[in-house]
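Subject: Structure handover

Hello,

Here is the structure I promised to pass on. Please open it first, then read the notes below.

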Amino acid sequence: MAQTFGVNLRGVIDLLSHHLYSSPRVYVREVLQNAVDAVTARGLVEPGAPRRITLECPEHTGDGTLRVSDTGIGLAEAEVHALLSTLGGTSKRDDLGFARRDFLGQFGVGLLSCFMVADEVRLVSRSASGGPAVRWTGRNDGTYTVEVDDSARDEVGTTLTLLPRRDCDHWTEYATVAPLAAEFGSLLPYEVRVVGATDTAVVTSGGFPWTRVEGETSAEHRERLAGYCRAVFGFEPFDALPLEVGAAGLTGVAFVLPEGAHPGARQAHRVYLKRMLVGTAVEGLLPDWAYFVRCVVDTSALRPTASREALYEDETLLAVRDALGGRVRDWLVRLAATEPERAGALLAAHHMGIKSLALVDDELLGLAERWLPYETTRGPMPLRQFRRSHPTVLYTPDVDEFRQLAPVAAAQDIGLVNAGYAYDTDLLRRIAERDGPDTARRVDPRELLAALGRPDAATEAALADTVRVAGAVLHDHDCEPTLREFDPVSLPALLIADAEGARRQDAEEARAEADPLWADLLGHLVDSGSGAAQRLVLNTRNPLVARLAEVADTALLESAVRALYVNALLQSHRPLRPKDTAALTGSFLDLLDRAIGH
């Protein structure tokens, strides 16, 4: 036999009013939403009806209560039961005509937010459809009463009265209510007044601040938008982009940050739903790559979450996000074509976001190639400029490797690009996909070795013993010595990694530590080729290397080779292994012993 759920109504009210919303402050928005819906509904059936909403604070009422009055459509007794006293009564709400897109909130659920600041909520309403006035009283224990009181209100509309708890008096005072009403309802199309003891504030402006007013010049409009951005977001915008997505009933403005922001920075957009503020730090309105843009928009089609403090992630929001992202992208392309200097400054400030977008967009890939500076052996410059002298862009995906190889490559007139920063390697791969594989490719350090000159036969013969001793010393470091002559002369040795040798070394180490079955499997997978994981290239033009030919003491020669190896390793910014640290210490101790005569 089917059973019905037992519901603790007091617990549901506590859950919704204390845990659905982030702060008691939202109760002002909820009572405004209900009043706006009522005024809108009456305007649909009586176009000439007054459209006023008034919030009277305790300083004015004199009895410690907050009263919210509107000239809306009002509620009859049946509607009070259906809308104010039934949780989850969406179908009833729709049957009464409140499912139209003109309306902001939902009666009942929004009203529960009042219990965050009040123990008792009273509502008196007279319906425009006729009939007597109705008085509804709700309490935070989940009980309510409804009675007909024809003398309670003479004109059509509704008055909501909140009896604040003692610890929540400040939430209903004029100093709190007036700024909250201005924040949430400043764009509402109806007059909203907040009345205090002696002050009265009209918090609505009646129009969108991003709309150009009649008689306003372009310069004046830009300056007004800049002032609005400073007031809302606290920065001077680089530019302001008008936004419009007709299908979503969206209009607004996007402000571009003047300086670089972190790509992981939280997006904080100001979003209004049918002119009522949803939130000042709403996320998800723009694609992640547009982290350097802040928006203020009003929409009629996007759905808020249950708390109405964020946007619901659905297909409409995805479509709006794509449309707004396309608007920002088109603006970037147009800016580069019409104002190249400003585009360069913008790309320099927001290069991370532009790079991430260029990975999937060919037009912005061209912009990144033209404007974004890369670190190269010829100094910082855009890729397009670098490609004029080096048709094939050789790059290294590691910053430390670039810093090690760059001086040698520059001396040999080999163009090299540092692609070790975020997105750089992926962008160069995209360029190679677009323009052909010979356009950009990762440099193999062995290419640099092949470009270095070989010493003459006499020099090789003089350093033959040095190479032999070095081979024995470097064997423990999986390194082989090689003689070359190259610039700069000041560099005595260069350490070049061999990727295949390094892979073989890693596999052999794993095989030595594995169990027999796994070791046998690795034995079949490991390349049987020979070769060390790295090469120590000794520069025969360097005076220190040349002097090694004169050293007859084998122990001293071994210490010198160890010192050259560790120096080259430090130059490459690679981490020192224990045996590398031991080689550094041993060479210094030996040289120190010789210096003091031990």
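Start at the loop between β11 (269-273) and β12 (276-282), where Lys274 lies. This is a predicted model, so please read every value below as computed from it. Lys274 has a positive phi of about 50 degrees, although it is not a glycine. Is Lys274 buried or exposed? Its relative accessible area is 18%, so Lys274 counts as buried, the cut-off being under 20%. Arg275 is found in that loop between β11 and β12 too. Its phi is positive as well, at about 75 degrees, and Arg275 is not a glycine either. For background, most residues other than glycine have a negative phi, and most peptide bonds are trans.

The backbone has another point to look at. A cis peptide bond joins Asp487 and Pro488, with omega at about 0 degrees. Pro488 lies in the loop between β19 (479-484) and β20 (493-497).

Now the chain as a whole. It has 598 residues, and 47% of them count as buried. Its secondary structure comes to 22 helices and 21 strands. Take the contacts between residues at least 6 apart in sequence: 67% of them join residues at least 24 apart. The chain exposes about 28300 Å², and carbon and sulfur atoms supply 52% of that area.

A word on confidence. The mean pLDDT of the chain is 84, and 86% of its residues reach 70 or more. Over residues 88-108, however, the pLDDT is below 50. That stretch still has 50 contacts in the model beyond near neighbours in sequence. Where pLDDT is low, the predicted coordinates should not be read in detail.

Val328 sits in α8 (residues 315-338). Val328 counts as buried because its relative accessibility is 1%. What does Val328 touch, leaving aside residues up to four places away in sequence? It touches Leu241, Trp289, Phe292 and Val293. Val328 and Ala290 are 38 residues apart in sequence, yet their C-alpha atoms are 7.8 Å apart in space.

Helix α10 (residues 351-358) is mostly covered, with 6 of its 8 residues buried. Those buried residues are Gly353, Ile354, Lys355, Ser356, Leu357 and Ala358. They pack against α8, α9 (340-349), α11 (362-371) and α14 (424-435).

Last, the empty space. Rolling a probe the size of a water molecule over the atoms shows where it is left. The second largest pocket holds about 410 Å³ of space. The elements that give two or more residues to its lining are α7 (218-232), β9 (239-245) and β10 (250-256). In total 21 residues line this pocket, and His221, Arg222, Leu225, Ala240 and Pro242 lie nearest its centre. By class, the pocket lining has 10 nonpolar, 5 polar and 6 charged residues.

How many cavities of 30 Å³ or more does a search of the whole structure find? It finds 4. The second largest cavity holds about 40 Å³ of space. Its lining is made by Leu405, Ala409, Ile414, Leu416, Val443, Asp444, Pro445 and Leu448. Helices α13 (399-411) and α15 (445-451) each supply at least two residues of that lining. By class, the cavity lining has 7 nonpolar residues, no polar ones and 1 charged.

Best wishes

Notes
Residues are numbered from 1 along each chain as its sequence is written. This is a predicted model: local features need pLDDT of at least 70, side-chain atom pairs count only at pLDDT 80 or more; totals for chains, interfaces and linings use all residues. Side-chain values use heavy atoms; hydrogens and water are left out. On a 1 Å grid over the protein atoms alone, a cavity is a set of points where a 1.4 Å probe fits but cannot get out, and a pocket is an open set with protein on both sides within 12 Å along at least five of seven lines; lining residues have an atom within 4 Å of a point. Grid points are joined across faces, edges and corners, and a volume is the space filled by probe spheres set on the points. Helices (H or I, at least four residues) and strands (E, at least two) are DSSP runs, numbered from the N terminus. Ala, Val, Leu, Ile, Met, Phe, Trp, Tyr, Cys and Pro count as nonpolar, Asp, Glu, Lys and Arg as charged, and the others, Gly among them, as polar. pLDDT is the predictor's confidence in each residue, from 0 to 100. Contact means heavy atoms within 4.5 Å. Buried means under 20% relative accessible area, exposed over 50%, partly exposed in between (1.4 Å probe, protein chains only). Accessible areas come from the Shrake-Rupley method with a 1.4 Å probe; for residues, only the protein chains shown count as cover.
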